[in-house]
Amino acid sequence: MKTSQQNPIDQLARPLRDLRISITDRCNFRCTYCMPESHYNESYQFMDRSNILSYEEIIRTVKLFSQCGVKKLRITGGEPLVRKDCHQLISMLKPIQGIEDIALTTNGALLSQNIDKLKDAGLDRITVSLDSLDQHIFEKISGKSFPLQNILDGIALAKKQLSGPVKINMVVKKDINDHCVIEMLEYCKKHNLILRFIEFMDVGNLNQWSTKDVVSSKKLLKTIEKKWNVYPIDPNYKGEVAQRYQFSDGSGEFGFISSVSHPFCGDCHRARLSADGKLYTCLFAQNGFDLKTLLRNQTSDEDLLKTIKQHWTDRQDQYSQLRNTSSISSSKKVEMYSIGG
Ligand code: SAM
Ligand code: SF4
Ligand code: SF4
């Protein structure tokens, strides 16, 4: 079977550029907006280990994606650092031809003890998710009692060790942590971290999402402008999801990821691979395409490549853009922790 040399373009003329790889569905936190404890308790059955892609299977898959135009990878989960030797995967991904950038998204709980290994493995950038600097609020959101200081220590080490910027993701929920926004921005400004405010999204089916709980980026910007002079800056590249802002005194930048109030489907060039080897072309997809079975039943690289390209070519996803229209199905969506955000 001959495969076209061309990179695939989807039905809305979007190329494939980024791949987000979830390496585990397990997590040491139980964030209310992602894996609420009420559901993900002791009786919850996580994926069987035999169903999780091995690092070798991930490498083979990434090599194929790089032949479709993927240049950037993000390792995520679940919590990627709970999977054994996550750094080894990064060192195996690093030499793949065409891959220019490897990032990791983590809750930071295991960052301090892993940062040296991650750096040596070739990790370029890191994003740490942190929703409050108040221990009590942090525990309320993350669903675990865990010393916040350990995460802050990990962030400081990451800042020292990595050449690329360290970003902080803060999901803002009304009446839960919206009053923490200024304090978080002050902390990030002081430590030269790039804060991204994320609107609470209707990912998955279990986080009791309601528009009432979303704090729009517009509203947050107004709050921020009461304290600082800030101005919008251009995206780093076409398709960057965050709307970037800079402090007028030159002391850094922050941004908004406004999937609810300001959808960015038009430039969405991300695919997602779940820990059990399913390919998702949208964060809000209902089904993934089972690549693992193909990987495990002697399918040739050429046929796999053709399948991946076809999948991307057929893609029409634009959930956020259509969120408030009748064309959105009410069927079950994939859970965020299984494809990693
Ligand atoms: N465990 C890692 C972490 O928390 O950084 C990686 C996986 S987590 C699913 C990736 C990102 O998704 C995190 O920044 C998290 O805050 C975000 N996220 C999860 N559920 C969300 C939701 N309902 N709305 C907005 N962001 C969400
Ligand atoms: Fe775990 Fe990240 Fe989901 Fe929180 S957001 S429950 S840390 S996977
Ligand atoms: Fe991309 Fe789907 Fe998010 Fe739109 S809703 S930006 S298509 S992942």
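Residues are numbered from 1 along each chain as its sequence is written, while chains are lettered from A and ligands numbered from 1 in the order in which they are written. In this predicted model, local features need pLDDT of at least 70, side-chain atom pairs count only at pLDDT 80 or more, and totals for chains, interfaces and linings use all residues; side-chain values use heavy atoms, with hydrogens and water left out.

Around ligand 1 stand 20 residues, the closest being Tyr33, Gly78, Ser129, Asn169 and Met201; a residue is counted here if one of its heavy atoms lies within 4 Å of the molecule. Some of the surroundings make polar contacts, that is, pairs of N or O atoms within 3.5 Å. The side chain of serine 129 places an N or O atom 2.5 Å from an oxygen atom of the ligand. Backbone N or O atoms take part too: one of threonine 106 lies 3.2 Å from an oxygen atom of ligand 1, and one of methionine 201 is 2.9 Å from a nitrogen atom of ligand 1. On its own, ligand 1 has 550 Å² of accessible area, of which the protein covers 95% (Shrake-Rupley method, 1.4 Å probe). Strands S3 (101-106), S5 (166-172) and S6 (194-199) are the elements that give two or more residues to this shell; strands are DSSP runs of E with at least two residues, and helices runs of H or I with at least four, numbered from the N terminus. By class, the shell holds eight nonpolar, 10 polar and two charged residues, where Ala, Val, Leu, Ile, Met, Phe, Trp, Tyr, Cys and Pro count as nonpolar, Asp, Glu, Lys and Arg as charged, and the others, Gly among them, as polar.

Turning to the helices, H6 (residues 181-190) packs with H7 (residues 217-227) at about 60°, their axes 10 Å apart. Axes are lines fitted to C-alpha atoms over the stretch in contact, and angles run from 0 to 180 degrees between N-to-C directions. H6 and H7 are therefore oblique to each other, a label for angles that are not under 35 degrees (roughly parallel), over 145 (roughly antiparallel) or 65 to 115 (roughly perpendicular). Helix H1 (residues 55-66) and helix H9 (residues 301-314) cross at roughly 60°, with axes that come within 10 Å, which makes H1 oblique to H9.

Notes. A polar contact is a pair of N or O atoms within 3.5 Å; within protein, one must be able to donate a hydrogen and the other to accept it, and residues adjacent in sequence count only if both atoms are side-chain atoms.
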